[in-house]
Amino acid sequence: MKLLNPKFFLAVLFMFAGQAAFAETRIGVVNTIKLMSKAPLAQAAQKQIETEFAPREKELIGIKKKLRSLEEQLTRDGAIMSEGESKKLERSIITKRREFKRLNDEFQEDLNIRNNEILSKLQTQINDALKALAKEKKFDIILGQGVLYASDAVDITDQVLAKLK
């Protein structure tokens with residue numbers, strides 16, 4: 001009678017042992033895009049940013065309208081204006097363009113800084129909620145970005161959203 005090869009026996013043993021260990025592993029998947037958009041902090045922060053930056057945005061819109069009006073005036077009346085009036089209007093347009101560009105650059109920079117501050121807070125809250133949920137529900141692994149497919153059975157995004165609220 002021929003005995004089984006010991007290497008083959010060990011390979012089969014590890015294969016079954018690995019399947020048993022994997023069967024007990026709890027895995028959860030989180031849709032981070034959904035979390036970032038539906039988290040209470042994100043929605044509140046978006047409203048706060050809109051309120052905070054609305055006056056500056058209105059100012060920029062006003063400057064842009066004034067600039068457009070001056071450019072239209074130069075195009076329309078430039079031929080009938082005196083050279084001095086025409087030069088004065090051109091300087092005014094250049095000044096308004098510079099002012100608009102400077103204010104718009106400052107606005108965008110401040111908006112980006114504010115968005116990054118809020119994103120940082122949101123990520124911290126989401127990570128804390130994920131860790132709490134993982135301990136509470138005894139998850140071994142929680143996956144986020146980079147998952148190509150996950151069934152609804154392992155998607156815990158709504159549970160994390162509930163934890164954030």
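Which elements are included in what covers the buried residues of helix 5? In this predicted model, the cover includes strand 1 (27-29), helix 2 (32-38), helix 3 (40-77) and helix 4 (83-137).

Helix 5 itself spans residues 157-164, and its buried residues are Thr157, Val160, Leu161 and Leu164. Seen down the axis of helix 5, these buried residues fall within an arc of 105°, so they line one face of the helix. On the other side of helix 5, Asp158 and Ala162 are exposed.

Two of the covering elements, helix 3 and helix 4, also pack against each other, at an angle of about 170° and with their axes 9 Å apart. Because angles over 145 degrees count as roughly antiparallel, helix 3 and helix 4 are therefore described as roughly antiparallel to each other. The residues of the contact of helix 3 with helix 4 divide by class as the table shows.

| Class of residue | Residues in the contact of helix 3 with helix 4 |
|---|---|
| nonpolar | 18 residues |
| polar | 7 residues |

The structure holds 1 aromatic pair, and it is formed by Phe53 and Phe107, whose rings are arranged edge-to-face, 5.6 Å centre to centre and with 80° between the planes. Phe53 lies in helix 3 and Phe107 in helix 4, so the pair ties together parts that are 54 residues apart in sequence. Are these two residues, Phe53 and Phe107, buried or exposed? Both Phe53 and Phe107 are buried.

Note on methods
Residues are numbered from 1 along each chain as its sequence is written. This is a predicted model: local features need pLDDT of at least 70, side-chain atom pairs count only at pLDDT 80 or more; totals for chains, interfaces and linings use all residues. Side-chain values use heavy atoms; hydrogens and water are left out. Buried means under 20% relative accessible area, exposed over 50%, partly exposed in between (1.4 Å probe, protein chains only). Helices (H or I, at least four residues) and strands (E, at least two) are DSSP runs, numbered from the N terminus. The arc is that of the directions from the helix axis to the C-beta atoms. Contact means heavy atoms within 4.5 Å. Axes are lines fitted to C-alpha atoms, for helices over the stretch in contact, and angles run from 0 to 180 degrees between N-to-C directions. Angles under 35 degrees count as roughly parallel, over 145 as roughly antiparallel, 65 to 115 as roughly perpendicular and the rest as oblique. Ala, Val, Leu, Ile, Met, Phe, Trp, Tyr, Cys and Pro count as nonpolar, Asp, Glu, Lys and Arg as charged, and the others, Gly among them, as polar. Rings of Phe, Tyr and Trp (its six-membered ring) pair if their centres lie within 6.5 Å; planes under 30 degrees apart count as stacked, over 60 as edge-to-face and the rest as tilted.
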